[in-house]
Amino acid sequence: MQKQIKDILIVGVGGQGTLLTSRILAQVAVQMGQDVKVSEVHGMAQRGGSVVTQVRYGEKVYSPIIKKGDADIILAFEKIEAARWLGFLKPDGKVIINDDRVDPLPVMSGKAKYPINITDKISQLVPDTQIVDATSLAIECGNIKSANVVLVGMLSDAIGLPPEEVEKAIKKMVPEKALDVNLKAFEEGRKLLSNAS
């Protein structure tokens with residue numbers, strides 16, 4: 001039986017825009033007449049700690065929590081965070097990773113080393129892994145902060161969200177002064193996935 005609920009896990013660190021991303025996706029789901037539930041967990045977000053949001057949408061969603069092994073997609077804003085949450089991905093799930101490195105506190109303090117070749121290891125475990133440099137693309141679009149919307153573009157294409165509905169949601173959720181950059185970032189993100197397939 002085909003699953004009726006779409007489960008999306010969005011992971012990153014404080015300041016990368018994971019919360020805005022989940023709110024844009026939730027808005028799109030609402031616009032499409034879907035039931036949607038969102039859960040947010042902030043771990044010392046202001047110090048660069050983990051921020052995890054779960055977005056579930058479909059005809060009827062009873063819980064905002066994604067079970068381990070059930071996520072259709074993990075959208076990771078940082079490499080270690082992608083690895084940390086892989087256990088939530090379903091066996092044939094997809095991972096989209098921004099090739100960005102944010103050193104956690106143990107690495108900054110010298111008590112641990114940042115894992116080498118971490119994206120290679122993830123790709124070996126998950127065949128449907130895509131690694132992108134959303135941060136550089138966001139800079140080219142005009143603002144490094146729009147890297148999250150580059151990833152929204154990739155995600156929306158991967159799960160088949162209508163682009164016009166995503167643009168409508170971006171217009172609703174993003175401040176007007178940052179709108180042009182974010183719409184451009186969204187379009188560039190969509191092209192990334194199309195070019196990769």
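**Helix packing and buried polar residues**

Thr-135 counts as buried, at 13% relative accessibility. This residue of the predicted model is found in helix α5. Residues up to four places away in sequence aside, Thr-135 touches Asn-98, Asp-100, Ile-144 and Ala-147.

Helix α5 covers residues 134-141, and helix α6 covers residues 147-159. Their axes come within 8 Å and cross at roughly 110 degrees. An angle from 65 to 115 degrees counts as roughly perpendicular, so α5 is roughly perpendicular to α6. The crossing of the two helices is right-handed. On the α5 side, the contact is made by Ala-134, Thr-135, Leu-137 and Ala-138. On the α6 side, Ala-147, Val-150 and Leu-151 take part. Of the residues in this contact, six are nonpolar, one is polar and none is charged.

Helix α6 also meets helix α1. The axes of α1 and α6 come within 10 Å, with a crossing angle of roughly 40 degrees. This crossing is right-handed. Helix α1 contributes Leu-20, Thr-21, Ile-24 and Leu-25 to the meeting. Helix α6 contributes Asn-148, Val-152 and Leu-155. The contact of α1 with α6 holds five nonpolar residues, two polar ones and no charged ones.

Helix α1 itself runs over residues 18-31. Its 14 residues should span 20 Å at 1.5 Å a residue. The C-alpha atoms at its ends are 20 Å apart, so the model agrees with that expectation. The helix is mostly covered, with 10 of its 14 residues buried. Just after α1, Gly-33 takes a positive phi of about 75 degrees.

A buried residue is also found in a strand. Ser-39 lies in strand β2, which covers residues 35-42. Its relative accessible area is 12%. Buried means under 20%, so Ser-39 is buried. Neighbours within four places in sequence are left aside here. Ser-39 is then in contact with Val-52, Thr-53, Gln-54, Pro-64 and Ile-65.

Notes: Residues are numbered from 1 along each chain as its sequence is written. This is a predicted model: local features need pLDDT of at least 70, side-chain atom pairs count only at pLDDT 80 or more; totals for chains, interfaces and linings use all residues. Side-chain values use heavy atoms; hydrogens and water are left out. Helices (H or I, at least four residues) and strands (E, at least two) are DSSP runs, numbered from the N terminus. The expected span of a helix is 1.5 Å times one less than its number of residues. Buried means under 20% relative accessible area, exposed over 50%, partly exposed in between (1.4 Å probe, protein chains only). Axes are lines fitted to C-alpha atoms, for helices over the stretch in contact, and angles run from 0 to 180 degrees between N-to-C directions. Angles under 35 degrees count as roughly parallel, over 145 as roughly antiparallel, 65 to 115 as roughly perpendicular and the rest as oblique. A crossing is left-handed if the near helix is turned anticlockwise from the far one by less than a right angle, and right-handed if clockwise. Contact means heavy atoms within 4.5 Å. Ala, Val, Leu, Ile, Met, Phe, Trp, Tyr, Cys and Pro count as nonpolar, Asp, Glu, Lys and Arg as charged, and the others, Gly among them, as polar.
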